[in-house]
Amino acid sequence: MTDSADRPTQPLQSSGATPAGSATVMEPQITGPSRNQWWDVWDQFKSHKGALFGLGFFIFALLFVTVGPLIWTIDPTFIDVRARNTGPTLAHPLGADQLGRDTLARMMMGGQTSIAVGLTAMLLALVLGTFIGVIAGYFKRMDGPLMRLTDLFLALPLLPLLLVIIMLFRDQLRAAFGPEGGIFVLIVVVIGVTSWMQTARVVRGDVLALKEREFVLAARSIGTPASMMILRHILPNVMSPIMVSATLGIANAIITESALSFLGLGFPSDFPTWGRLLFDATEWLQRNPERVIWPGLAISLTVLSVNYIGDGLRDALDPRIRGR
Amino acid sequence: MLTYTIRRLVLAIPTLLFISFIIFLIVKLSPSDPTAGLPLTIPPEVREQIRESLGVNDPVLLQYFKWLRLMVWDEPLHLLENWTGWNVAPDGPRIISYQTRSPVMDLIVQRMPQTLWVVGTSYIVGILIALPIGIISAYRQYSVFDQIGTFVSMLGFSVPTFFTGVLFIVIFAVNLGWFPSVYDTTHEVTDWDSFIVQLKQIIMPVMVLGLYNASQISRFMRASMLDNLNQDYVRTARAKGLSERAVVLVHVLRNSMIPVVTVIALNVPAVFGGAIITEQVFKVNGIGQLLIIAIQGGDVPVVQTVSVIFAVLIVLFNLIADVLYGILDPRIRYD
């Protein structure tokens, strides 16, 4: 919806046959090669300081959990008995836990899982939300039932239900997918299935507005089938709300996963996430209070950076603000 | 207005029925066994009899209707008898906890005051912090105050309560020793000194939850004030010579409060849900902790009842928000 404001410039750029004079009257700055509209978005995004910081930190966090273990090669499960409960030392820059496992290495390992859960659960919620939103917005018959379903999901008490589902179905999934894979699949599915509603509502609203536009009418008049209509004309135009809710989805998924792990119903201690590390550290609060800081800081800064990226994206994708 | 309210009420009933059925089914279809926690020396026949007596082997729909009747008719009557002393309660069976063998409603009645105290105070504190910050932030947009205010609310919005709670414990309980880290619910306020003790122990959970609520509400307040400050009626109010104070605090504020009041009402159930975590951090033995213990012990009736109470809260406050919106904004009432 927001992108279509830029559409009219594209035929101008591609039609080289028109005399240069008439083009410059309408759009004086078009002189060089054609410019992708995403560059405009990026220019606006750059001007939002918080968003830029957020993007920087998020990339840092991604590198920390992926490239980090290649540089800091201590095995996160290796037990160095003599380093038990130590604070920061040269051998263990962030200290070691009650068994003598290196905290820095465990932070990297935990971050991998936390961010992986965040990204996959967000993707699942996004696919579900977009699918339901587009179907509800595009097909009038489906609108009523699907929106009732969305309202019902919004009225579910999510945290209690999540806790119940995880407690009840943990053991079978462990048996089916192995101890690590089982809990990963369970948490991703459970978070994804319970957080698609906002995306669906926003997308439905945008699709309803798009359906009345002339280009959709034009496409329909040349006989475009519904599936092509959605893929070629509707979906590209609802990309911006989808991207914004993607960032919010990552933040939401990371927080939910850590909350579950913090309540002791998420990932097990030998396959930690940042939330689980925080939970384990709280029992040693009197003795090693600094141990809770690292995972807590990692969760908070990652969520903060993702929220700022979302803020920046929302501004950058809004053509009313862009270019101001 | 009345038909609008009635229409909303009628819509809420099927929603509640559906949600309670989903909750019932999820818990019922799970493989958890109520006799799993009993000693292994009990022979299988006796185990089967115990299951029979708990009514686990009946058809699912029959179990649901039996449970629903208890939930909406018998238990509220028992509550009424508890509070008023009238002899209205039926003699039939009640929803019994597997773990404690006492009626679930009694457990909830015991736990509710602690939760209400902590959650209620924190919500009020949150609102009291959020409104002035939102108003000043919007009135002085892009000022230093606004920059700091938006940053802090972004921070409060992003930092999860289980980290702020633990951080507060590290700073104020472990290092400074100002406040106790555990909330003692047996403490009774009788005189000034015990009041101070109560104040000290409630301050940390309330601040943790309050800051989180304040950051959400102040964002809405700021956005809503900004929407209204540029409207024509504000210019008219200024043009007819009203003082700036009257313009902002009477004209703009009253209109900006419409969406904020509904957001405040809509957020109440979410605050109860979030309190589960805060109760766990500060060891408050409230309704959230009851839920966690029940989940760990496979105590199906307690889990079902507490979840349904949360669902009722959500639907109820959605309804309140809808009706409030109708009262505050006449354009919404379409009757």
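This is a predicted model: local features need pLDDT of at least 70, side-chain atom pairs count only at pLDDT 80 or more; totals for chains, interfaces and linings use all residues.
Residues are numbered from 1 along each chain as its sequence is written, chains are lettered from A and ligands numbered from 1 in the order in which they are written, and side-chain values use heavy atoms, with hydrogens and water left out.

**Exercise 1. Find out how many helices and strands chain B has.**

Step 1. Begin with the rule: helices (H or I, at least four residues) and strands (E, at least two) are DSSP runs, numbered from the N terminus.

Step 2. Chain B turns out to have 11 helices and zero strands. Read from the N terminus, its elements are α-α-α-α-α-α-α-α-α-α-α.

Step 3. For its extent, the C-alpha trace of chain B spans about 85 × 60 × 40 Å along its principal axes.

**Exercise 2. Describe how helix 3 of chain B packs against helix 1 of chain B and against helix 4 of chain B.**

Step 1. Two packed helices are described by the angle between their axes and the distance between the axes. Here axes are lines fitted to C-alpha atoms, for helices over the stretch in contact, and angles run from 0 to 180 degrees between N-to-C directions.

Step 2. Helix 1 (residues 2–29) and helix 3 (residues 60–84) of chain B pack at about 125°, and their axes are 11 Å apart. Helix 1 of chain B and helix 3 of chain B are therefore oblique to each other (under 35 degrees is roughly parallel, over 145 roughly antiparallel, 65 to 115 roughly perpendicular, and the rest oblique).

Step 3. Sorted by class, the residues of the contact of helix 1 with helix 3 of chain B are nine nonpolar, two polar and one charged (Ala, Val, Leu, Ile, Met, Phe, Trp, Tyr, Cys and Pro count as nonpolar, Asp, Glu, Lys and Arg as charged, and the others, Gly among them, as polar).

Step 4. Now turn to the other partner: the axes of helix 3 and helix 4 of chain B come within 10 Å and cross at roughly 50°. That makes helix 3 of chain B oblique to helix 4 of chain B, and the crossing is right-handed. M71(B), E75(B), L79(B) and N82(B) of helix 3 of chain B meet M105(B), D106(B) and V109(B) of helix 4 of chain B. This contact has four nonpolar, one polar and two charged residues.

**Exercise 3. Work out the handedness of the crossing of helix 4 of chain B and helix 5 of chain B.**

Step 1. Helix 4 (residues 104–139) and helix 5 (residues 144–158) of chain B have axes that come within 8 Å and cross at roughly 135°. That makes helix 4 of chain B oblique to helix 5 of chain B.

Step 2. The crossing of helix 4 and helix 5 of chain B is left-handed.

Step 3. On helix 4 of chain B the contact is made by I133(B), I136(B) and S137(B), and on helix 5 of chain B by F145(B), D146(B) and G149(B).

**Exercise 4. Say which residues line the second largest cavity.**

Step 1. Rolling a probe the size of a water molecule over the atoms shows where empty space is left. On a 1 Å grid over the protein atoms alone, a cavity is a set of points where a 1.4 Å probe fits but cannot get out, and a pocket is an open set with protein on both sides within 12 Å along at least five of seven lines; lining residues have an atom within 4 Å of a point. Grid points are joined across faces, edges and corners, and a volume is the space filled by probe spheres set on the points.

Step 2. The second largest cavity holds about 40 Å³. Its lining consists of I133(B), G134(B), S137(B), G149(B), T150(B), S153(B), S218(B), R219(B) and R222(B).

Step 3. Helix 4, helix 5 and helix 7 (192–229) of chain B each give two or more residues to this lining. By class, the lining of the second largest cavity has one nonpolar, six polar and two charged residues.

Definitions and conventions
A crossing is left-handed if the near helix is turned anticlockwise from the far one by less than a right angle, and right-handed if clockwise. Contact means heavy atoms within 4.5 Å.
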